[in-house]
Amino acid sequence: MAVLSNCKPERVFHYFEEICNIPHPSYHEEKISAYLVDFAKAHNLEYYQDDLYNVIMIKEASEGMENASPIILQGHMDMVAEQDDDCKKDMLTEGLDLEIVDGFVTAKGTTLGGDDGIAVAMALAILEDEELKHPRIEVIITVSEEVGMEGAAGIDVSMLKGRKLLNLDSEEEGHFLAGCAGGCRVDVEFPVKKESLKGALVSIEVKNCTGGHSGAEIDKGRANASYVANRVLAAGLEAGEVCIVDLVGGTKDNAIPRATSAKVVTTPAAIEAMTKEADAIKNEFAITDPEMEIVITNEGNVVVDGVNAAQSERFIQLLQSMPNGVQTMSHDIEGLVETSLNLGILNVLDDEIKYSCSLRSSVDSAKNALIRKVLMVAKAFGCQTSIHGEYPAWEYLRESSFRDEMVKIYTDMYGEAPIVETIHAGVECGLLASKLPGLDAVSIGPEMYDIHTPKERLSIASTERVYNYVRKVIEDMN
């Protein structure tokens with residue numbers, strides 16, 4: 001029996017479980033895209049699949065709704081694939097192990113992909129519903145949202161007639177998103193030449209950090225495991241030479257790294273200094289990351305290939321000089337992060353140390369200034385840089401008839417008005433608005449917590465309420 005068979009809405013959770021059984025990390029969406037095409041064919045829907053594997057499905061209006069405004073439902077099919085250190089699942093080839101805990105759906109040892117599989121499941125349930133009175137429904141399901149919104153950037157939406165878009169990629173019920181930050185990924189490559197090193201090999205493990213979404217959780221004061229590891233190395237530099245042998249942290253530029261490991265050849269004095277720094281860091285993050293561990297182990301004298309002292313010092317200085325975390329808060333909206341940077345992925349390769357960071361800002365000029373700063377610091381240290389997946393901010397519309405309609409329906413259904421806000425995390429509405437002139441968009445979704453981490457969980461009751469609300473919005477389109 002399916003794990004979610006008793007969850008309501010039944011058809012939504014039926015499709016969500018099927019989606020969870022199909023591996024669909026970013027850049028590996030071929031199978032889930034094919035599944036969507038098969039669904040469209042089975043339900044005699046007009047559909048489009050492009051070379052990127054984006055899918056658009058269209059269902060014409062039901063009888064009596066032909067003159068109502070078309071509505072666009074939108075979400076993304078890729079997920080962030082993170083897992084616990086002791087989880088052995090291959091997320092490229094295996095489905096998720098779902099379970100229900102205290103009214104929430106979660107996955108054992110891995111991310112759940114409720115962001116944004118639940119949007120896809122809702123859209124499929126709506127498309128198959130023959131009892132729902134509806135205008136023309138246009139469903140956009142994109143790829144590679146989690147790695148820079150590349151699917152939305154490349155998709156052709158010229159066949160769409162709708163100009164009212166309901167994005168289903170939010171995680172807080174009762175909160176209507178009406179704007180978001182723009183952003184990009186910057187890759188920095190620090191050239192190195194490895195040589196034979198001799199001395200004490202020391203391993204530094206930063207693990208069990210809380211992590212989280214680099215937009216939604218960037219202001220929570222959580223530790224970035226890679227930045228913490230570099231702080232430990234920087235403390236060691238003050239007492240002696242530190243030669244980098246290996247340095248690995250993070251798997252996604254837009255997820256705050258939960259674990260980072262380093263191996264260095266160094267001196268006893270440096271080991272002592274790093275140990276003191278580790279204790280100080282753990283004390284700093286005792287509230288936001290109480291389970292964080294920093295383990296420093298002397299593995300004895302070795303001869304090993306690594307990065308010499310001078311180059312290692314320069315790289316450690318580079319990371320210490322780079323911005324990380326919240327840069328500025330909004331002057332317009334209280335409590336909103338305006339501009340931030342997340343050091344996401346870090347690796348030592350054969351001839352370079354490479355890292356990737358995610359930049360976000362709701363103000364384009366501030367975003368550009370932060371990009372410029374990163375590029376200038378990188379250039380000063382002799383690095384090569386590249387910018388990927390740049391996407392625009394979704395600007396707040398003071399006048400929005402669609403948002404007004406949705407607020408009224410929500411208030412009538414639940415007896416209180418929703419909260420309308422903008423967020424620091426990115427959604428695809430800005431990119432789609434640039435392709436569909438006059439687009440009026442709102443983003444909503446059910447309650448989800450700890451997305452982009454193995455603790456991710458989706459509220460079953462909230463999913464039912466949000467789905468019923470979406471159906472009502474569709475029925476009341478005029």
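The secondary structure of the chain comprises 11 helices and 23 strands; helices (H or I, at least four residues) and strands (E, at least two) are DSSP runs, numbered from the N terminus. The model is predicted, so local features need pLDDT of at least 70 and side-chain atom pairs count only at pLDDT 80 or more, whereas totals for chains, interfaces and linings use all residues. Residues are numbered from 1 along each chain as its sequence is written, and side-chain values use heavy atoms, with hydrogens and water left out.

We can begin with the chain as a whole. For 478 residues, a compact globule would have a radius of gyration near 23 Å, and the 24 Å of the chain agrees with this; the radius is taken over C-alpha atoms, and the globule rule is 2.2 Å times the number of residues to the power 0.38. Along the principal axes, the C-alpha atoms fill a box of roughly 80 × 50 × 45 Å. Of the 478 residues, 57% count as buried, where buried means under 20% relative accessible area, exposed over 50%, and partly exposed in between (1.4 Å probe, protein chains only). The accessible surface of the chain is about 19,600 Å², and 47% of it belongs to carbon and sulfur atoms; such areas come from the Shrake-Rupley method with a 1.4 Å probe, and for residues only the protein chains shown count as cover.

Contacts tell a further part of the story. Among contacts between residues at least 6 apart in sequence, 79% join residues at least 24 apart, a contact being heavy atoms within 4.5 Å. As for charge, the mean positions of the 42 positive and 80 negative charges are 2 Å apart. Here Lys and Arg count as positive and Asp and Glu as negative, while His and the chain ends are not counted; the place of a charge is NZ of Lys, CZ of Arg, CG of Asp or CD of Glu.

The strands come next. Strands of a sheet pair through backbone hydrogen bonds, either parallel or antiparallel. Two strands are said to pair if DSSP finds at least two bridges between them. An open sheet of 4 strands has the order β4-β5-β23-β22, with antiparallel pairing. At its edges stand β4 (98–101) and β22 (448–449), each with a single partner strand, so one side of each has no neighbour in the sheet. The partner of β4 is β5 (residues 104–107), and the two are joined in the antiparallel sense by 4 bridges; E99 has T106 of β5 as its bridge partner.

Strand β6 (residues 137–142) is mostly covered, with 6 of its 6 residues buried. In a regular strand the side chains alternate between the two faces of the sheet. In β6, I137, V139 and I141 point one way, E138, I140 and T142 point the other way, and all are buried. Strand β2 runs antiparallel to β6 and is joined to it by 5 bridges, with I56 opposite I140. Strand β3 (residues 71–76), in turn, runs parallel to β6 with 6 bridges, and Q74 has I140 as its bridge partner.

Helix α1 (10–20) has V12, F13, Y15, F16, E17, I19 and C20 buried. These buried residues pack against several elements, including α2, α3 and α11 (460–475), along with β4, β5 and β23 (457–459).

Some details of the backbone also deserve a look. Most residues other than glycine have a negative phi, and most peptide bonds are trans. The bond from K8 to P9 is cis, with omega near 5°, and P9 lies in the segment before α1. Another cis peptide bond joins D115 and D116, with omega about 15°; D116 belongs to helix α3 (residues 114–128). N44, which is not a glycine, has a positive phi of about 55°. This residue is in the loop between α2 (30–42) and β1 (46–49) and counts as exposed at 73% relative accessibility. Y53 also has a positive phi, near 85°; Y53 sits in the loop between β1 and β2 (55–59) and is partly exposed at 32% relative accessibility.

Finally, D219 is found in the loop between β11 (212–213) and α5 (225–237). With a relative accessible area of 38%, D219 is partly exposed. Leaving aside residues up to four places away in sequence, D219 touches V326, G335 and V337. The C-alpha atoms of D219 and K276, which are 57 residues apart along the chain, are separated by 27 Å.
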